[in-house]
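Please consult the sequence and the structure shown below while reading.

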Amino acid sequence: MARVLVMSPSGEVYDHDNVRWYQHSDIQKYIDHYHNIGDAFVFDSSLKLMNFEKLRELPLGEPNFDQIDRLKEEYDYVILRGSNYIHQHMGWPHAIAVLKRLGLPVIAWGIGAQAPVEGQIQLPEDLKTLLKIMADSTASIGVRGAYSAQVLKDIGIDNVRIVGCPTAFRRNDPTLKVTLPLLEDVRNVGLTVRREVSPAYARNIERYLTFHRDLIKDTANKFNVTLMAQGEIEEKKLVLGTDEQKEDAIAALKANRWASDWYLDDTIEKLYRERLFYSDVVADYEKLVQTKDLVLGYRLHGNLMALANGVPSIYFTYDSRTVEFAETYQIPRFDVFSGDRFRLEDYWDQTLFNKYNDAWYRTYGEMRRFLDENHVDHKMVDTKENIPDSVRRVA
């Protein structure tokens, strides 16, 4: 059983391998703080795939080298949960000094690069150095897709394996697959919402938000819809806040030009008041998606939680991150900026989801090989040896 240090854990651990946001019992403490609970999905899923007896956060503040030396003796390796770390604004000021002193393997587990809307990605020199330290400490770095692998190759890191994201495999069932029900039998639909977005990555904010608004309204007209938020402050207040905070949230949305001009109309406001879901507990999202016939929308990890439970999902792509992820798993996807009209009927095709099932199965094997070659104690199944031919899926 391994002893594991965690970089950037994104939540507190309870009952050994479950994650929720910090001080969950005190909602008001973080009601005005934005945090993407999707990051906690990745952390929670990583823990569910590992065998470990001891876990703690790696301190990355001002280095205390006596403490670092003790940690080196007490732990086996470091994991860096998958997230969007490879971009021009990323920096951990003390991480280089800490990792050099620590000298333990750093398991970068599904990390990804984010391309800007214009021009080529330009990485800071300290980030390149940090990534090379990680690469040199292990047999391989795990990345979410081909674009991220190429970005690392361009800075001289070749020991890369495309593993997607731990969230996809959180159920740890290699026989899992998505099978579409009849479209006329679909009743309960989750729609993952992402109102806040950066113009550095989404090239047309008006199109992004107006399409988002119309998708919500069209879906709500056809199905029993739940709007699944993941951390924006106003959405969080509408679910978890006091009555006064809920009204403050609506007022803030109306005062926001992007939201008021392109997103929040009377219908969306009513749906936000009546159909919005948010939780600081990863398990709550999993329970929710298990009640759905379909989950679709803008959230990478919210959609993936559904797929990880065998629930069909369609991605709405708007930046390099969402495109790369959909390509890794061959997830059916719609380009928000294509100018086309989205028709659910066009995507209700089992052959599309068979491509996803096959890509998921292949990537499950890649994830297991990644953990094996980096000597991570894990629970993943050897698909070549342990899956009967009757259920094995080969692309």
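Which residues does Ile268 touch, leaving aside residues up to four places away in sequence? In this predicted model, the residues in question are Arg213, Ile216, Lys217 and Tyr263.

Ile268 belongs to helix α10. Its relative accessible area is 0%, and Ile268 is therefore buried, the cut-off for that class being under 20%. Helix α10 spans residues 266–275, and its buried residues are Ile268, Glu269, Leu271 and Tyr272. These residues lie on the same side of α10, because they cover an arc of only 165 degrees around the axis. The elements covering the buried residues of α10 include the helices α6 (205–222), α7 (233–240) and α8 (243–255), together with the strands β10 (224–228) and β11 (276–277).

**Two helix pairs**

Two packed helices are described by the angle between their axes and the distance between the axes. Two of the helices that cover α10, namely α7 and α8, also pack against each other, with their axes 8 Å apart and at an angle of about 150 degrees. Angles over 145 degrees count as roughly antiparallel, so this description applies to α7 and α8. The crossing in which α7 passes α8 is left-handed. On the α7 side the contact is formed by Glu234, Lys237, Leu238 and Val239, and on the α8 side by Gln245, Lys246, Ala249, Ile250, Ala252 and Leu253. Sorted by class, the contact of α7 with α8 comprises six nonpolar, one polar and three charged residues.

A second pair consists of helix α1 (residues 37–49) and helix α12 (residues 300–307), whose axes come within 8 Å and cross at roughly 40 degrees. With that angle, α1 and α12 are therefore oblique to each other. Here too the crossing is described for the passing helix: α1 passes α12 in a left-handed crossing. Gly38, Phe41 and Val42 of α1 meet His301, Gly302 and Met305 of α12 in this contact. The classes represented in the contact of α1 with α12 are three nonpolar and three polar residues, with no charged residues.

Ser8 and Ser10 are both placed in the loop between β1 and β2, where β1 covers residues 2–7 and β2 covers residues 12–14. Asp15 is found in the loop between β2 and β3 (18–20). The table lists the accessibility of these loop residues.

| Residue | Relative accessibility | Class |
|---|---|---|
| Ser8 | 24% | partly exposed |
| Ser10 | 9% | buried |
| Asp15 | 60% | exposed |

What surrounds Ser10, not counting residues up to four places away in sequence? Ser10 touches Val19, Trp21, Tyr22, Asn36, Asp39, Ala40, Phe43 and Arg81. At 9% relative accessibility, Ser10 counts as buried because the value is under 20%.

The backbone of Ser8 has a phi near 55 degrees, a positive value in a residue other than glycine. Asp15 likewise has a positive phi without being glycine, with a value near 50 degrees.

How values were computed. Residues are numbered from 1 along each chain as its sequence is written. This is a predicted model: local features need pLDDT of at least 70, side-chain atom pairs count only at pLDDT 80 or more; totals for chains, interfaces and linings use all residues. Side-chain values use heavy atoms; hydrogens and water are left out. Axes are lines fitted to C-alpha atoms, for helices over the stretch in contact, and angles run from 0 to 180 degrees between N-to-C directions. Helices (H or I, at least four residues) and strands (E, at least two) are DSSP runs, numbered from the N terminus. Angles under 35 degrees count as roughly parallel, over 145 as roughly antiparallel, 65 to 115 as roughly perpendicular and the rest as oblique. A crossing is left-handed if the near helix is turned anticlockwise from the far one by less than a right angle, and right-handed if clockwise. Contact means heavy atoms within 4.5 Å. Ala, Val, Leu, Ile, Met, Phe, Trp, Tyr, Cys and Pro count as nonpolar, Asp, Glu, Lys and Arg as charged, and the others, Gly among them, as polar. Buried means under 20% relative accessible area, exposed over 50%, partly exposed in between (1.4 Å probe, protein chains only). The arc is that of the directions from the helix axis to the C-beta atoms.
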